[in-house]
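User: Could we go through the helices, the surface and the charged pairs here? Please begin with how the terms are set.

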Amino acid sequence: GIKKLGNPPVLLKDLAGIYEAAGDYASSLEYYFTWAEADTTVYPEMERKIMQSIESGERTEQLENGVKKLIQVEPKKSLCYKLYGDLKLKKGEMEQAFELYKTADLLSSSQGENLLLFARTCLKRKSYELSLKVSQYLEGTCQSVECSISSRLISASSFAGLEKYTDALSA
């Protein structure tokens, strides 16, 4: 069908939307990713659409199965792991989300970005031990000055949240 037409981006987007509306999230995710590969300028829009599905909290099990399938097909795609981490975060499975964000960052050209966002989310949720664990991991792996400074600030905030003020001042 669509492959004979050369995977036109407009049709890929429409097919993804149709599968999403029908509740077939595995196929929907597959077509969203194919759409983004056919037209790399739509990557942010594709990610936003998938994030809307995740944020809705509906059919998270189907979304999770779809993302797992994508990881099997595209094991080197950072976004697949980020989305899986987002799903785990939505479900409150924070330690699993941390591991997925670590993988996403290792595969990403902007190393540290996913983990910094996750650490900030942990801070907002008052999960100070985990935000500290993430920031300390980042301190050991950051390649950029910006990442290093941000991770140290998160460490200090985490220590303050844990009421370890001396540690916060020395972070």
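Analyst: Helices (H or I, at least four residues) and strands (E, at least two) are DSSP runs, numbered from the N terminus. The model is a predicted one: local features need pLDDT of at least 70, side-chain atom pairs count only at pLDDT 80 or more, and totals for chains, interfaces and linings use all residues. Residues are numbered from 1 along each chain as its sequence is written, and side-chain values use heavy atoms, with hydrogens and water left out.

User: Where does Val145 lie?

Analyst: Val145 belongs to helix H9, which covers residues 145-161.

User: Is Val145 buried or exposed?

Analyst: Val145 is exposed, at 58% relative accessible area. Exposed means over 50%, buried under 20%, and partly exposed in between, with a 1.4 Å probe and protein chains only.

User: Which residues form the nonpolar patch on the surface?

Analyst: The patch consists of Val145, Ile149 and Leu153, which together have about 310 Å² of accessible area. Areas come from the Shrake-Rupley method with a 1.4 Å probe, and for residues only the protein chains shown count as cover. Patch residues have over 30% relative accessible area and no salt bridge; nonpolar side chains (Val, Leu, Ile, Met, Phe, Trp, Tyr) are joined within 5 Å, like charges within 9 Å.

User: Changing topic: how many salt bridges does the structure hold?

Analyst: There are eleven salt bridges, each being a side-chain nitrogen of Lys or Arg within 4 Å of a carboxyl oxygen of Asp or Glu.

User: Which side chain does Lys91 meet in a salt bridge?

Analyst: Lys91 pairs with Glu64, at 2.7 Å from N to O. Lys91 is in the loop between helix H5 (78-90) and helix H6 (94-107), while Glu64 is in helix H4 (residues 60-73), so this pair ties together parts 27 residues apart in sequence.

User: And how accessible is Lys91? What about Glu64?

Analyst: Lys91 is partly exposed, with a relative accessible area of 31%, whereas Glu64 is buried at 3%.

User: What does Lys88 form with Glu93?

Analyst: Lys88 and Glu93 form a salt bridge, their closest N and O atoms being 2.8 Å apart. Salt bridges with shared partners join Lys88 and Glu93 with Glu64, Lys68 and Lys91 into one network. Lys88 is buried, at 9% relative accessibility, and Glu93 is partly exposed, at 26%.

User: How far apart in helix H5 are Asp86 and Lys82?

Analyst: Asp86 and Lys82 are four residues apart in helix H5, so about one helical turn separates them. Their salt bridge has its closest N and O atoms 2.7 Å apart. Asp86 is buried at 9% relative accessibility, and Lys82 is buried at 15%.
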